[in-house]
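Let's take a walk through this fold together.

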Amino acid sequence: MNPEQRLFWIQDFKKLIERGHMNLIEAFNAFDSWTRLNTLSANQRSLYIAILQLWNAAGRPEYSSIPEQKLTELSGLSKKTFYNVRNQLEEFGLIGVVKSKSKNIAPKYTLKDISVKNDDNFTPISTPNVTPILTPKVTPNLAPYTEKRIEEKSREEDDVVNDDSMFFDALQKNLGRGVTYPESQLARVWRKDTSDEMIIKAVSIAVINRKTNFKYIDTIIKNWLNSGITTLSELQEHEEKREKSRQTVGTKPVKPAPNWLNPSYKNKTSEEDLKKLEELRQESLNKLGTSQNE
């Protein structure tokens with residue numbers, strides 16, 4: 001875009017905003033022109049376009065109330081990444097966000113006049129019937145981020161996305177199947193409460209027990225958290241204590257052996273008693289023999 005084209009774009013965008021007739025295509029074209037002069041990450045582009053689409057669907061009002069869930073679903077961003085990117089777009093002066101005091105009311109979004117987002121060295125070319133908007137001495141309302149800082153922020157966001165990708169790859173690999181959107185949201189809640197390795201451990205236990213539904217896995221993780229277990233070493237220590245407790249409860253007391261089994265035992269029975277015992281033994285044997293013959 002040469003300086004002359006750029007100047008006309010600035011004027012056209014401001015006229016569209018003032019008239020309130022800017023449609024989705026015009027707004028998108030203005031944004032596309034702006035991004036040729038400024039650097040945005042893929043996440044920042046996705047969220048801005050999502051806001052554009054929902055703003056258009058709402059009838060292009062000055063302020064549009066948009067639930068955060070719709071924006072995260074449409075942009076494909078996680079909740080944590082969404083808040084970071086939204087703050088960046090607001091700092092860049094691309095959008096305005098009016099937050100409600102009530103959590104039940106969605107924030108309101110407005111599209112800012114991005115025509116003022118230009119570099120310091122821009123010198124517009126005067127043409128007939130055109131009054132230049134900017135002069136070399138005018139300091140534009142630039143966001144506080146330099147290109148280097150924008151690149152750094154973009155890398156940080158990519159790291160978050162890569163971290164999510166690695167976690168969900170490991171989760172699905174251990175499950176042996178893919179995960180649904182509600183399951184992915186529950187998994188993100190787990191990641192706020194405990195470590196990824198503890199989540200994967202809970203999944204592996206569920207697979208061993210042939211119960212791969214997320215309610216069962218959620219119960220395992222909750223039980224660990226209620227017991228103060230947050231690491232694999234703490235879990236191992238807990239399991240060892242429980243196993244020892246089971247062994248103690250399951251062991252029956254052993255009765256002492258009778259004295260007559262002791263090699264050094266001396267029979268103190270009198271001869272008279274021994275004789276009576278022998279007679280009883282013989283009598284029992286005779287009865288046994290008689291019953292067998294019958």
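Leaving aside neighbours within four places in sequence, which residues is Leu 71 in contact with? In this predicted model, the list runs to Leu 47, Ala 50, Ile 51, Leu 54, Ile 66, Phe 82 and Tyr 109. Apart from the core that Leu 71 belongs to, there is another one of 19 residues, including Ala 187, Ile 199, Ala 206 and Ile 221. We'll get to that one later.

**The overall layout**

First, some bookkeeping. The protein has 294 residues, and 31% of them are buried. Its secondary structure comes to 11 helices and 3 strands, and from the N terminus on the order is α-α-α-β-α-α-β-β-α-α-α-α-α-α. If you count contacts between residues at least 6 apart in sequence, 62% of them join residues at least 24 apart. The accessible surface is about 20,000 Å², with 51% of that belonging to carbon and sulfur atoms.

**The largest core**

Back to the neighbourhood of Leu 71. The largest nonpolar core has 24 residues, and those touching the most other members are Leu 47, Tyr 48, Ile 51, Leu 71, Leu 94, Ile 95 and Tyr 109. Helices α2 (24–37), α3 (42–57) and α5 (79–91) each supply at least two residues, and so do strands β2 (95–98) and β3 (108–111). The top contributor is α3, with 7 residues. As a general point, nonpolar side chains in soluble globular proteins tend to be buried together.

Now look at α4, which spans residues 68–75 and has Leu 71, Thr 72 and Ser 75 buried. Seen down the axis of α4, these buried residues fall within an arc of 95 degrees, so they line one face of the helix. What do they pack against? The buried residues of α4 meet α3, α5 and β3.

The 3 strands make an open sheet in the order β1-β3-β2, with antiparallel pairing. Here β1 (64–65) and β2 stand at the edges with a single partner strand each, so one side of each has no neighbour in the sheet. Between β2 and β3 there are 4 bridges, while β1 and β3 are paired over 2 bridges.

| Residue | Bridge partner in β3 |
|---|---|
| Ser 64 | Tyr 109 |
| Gly 96 | Thr 110 |
| Val 98 | Lys 108 |

Tyr 109 turns up again here: it is the bridge partner of Ser 64, and it is also in contact with Leu 71.

Helix α3 lies across β1, β2 and β3, running at about 100 degrees to β3. Helix α5 packs on the sheet as well, touching β2 and β3, and its direction makes about 120 degrees with that of β2.

**Over to the other core**

Not counting residues up to four places away in sequence, Ala 202 touches Ile 217, Ile 220, Ile 221 and Trp 224. Ile 221 is one of the members of the 19-residue core. The C-alpha atoms of Ala 202 and Ile 217 are separated by 6.0 Å, with the two residues 15 apart along the chain.

**Two arginines with positive phi**

Most residues other than glycine have a negative phi. Arg 60, in the loop between α3 and β1, has a positive phi near 60 degrees. Arg 210 also has a positive phi, of about 60 degrees, although it is not a glycine. You'll find Arg 210 in the loop between α8 (196–208) and α9 (214–226).

Which of exposed, partly exposed or buried applies to each? Arg 60 counts as partly exposed, at 33% relative accessibility. Arg 210, at 77% relative accessibility, counts as exposed, because the cut-off for that class is over 50%.

Definitions and conventions:
Residues numbered from 1 in each chain as written. Predicted model: local features only at pLDDT ≥ 70, side-chain atom pairs only at ≥ 80, totals over all residues. Heavy atoms only, no water. Core = buried A, V, L, I, M, F, W, Y, C linked by side-chain atoms within 4.5 Å. Buried < 20%, exposed > 50% of the residue type's maximum accessible area, 1.4 Å probe, protein only. Contact = heavy atoms within 4.5 Å. Arc of directions from axis to C-beta. Pairing = 2+ DSSP bridges. Axes fitted to C-alpha atoms, helices over the stretch in contact; angles between N-to-C directions. Areas by Shrake-Rupley, 256 points an atom, 1.4 Å probe, with all protein chains shown as cover.
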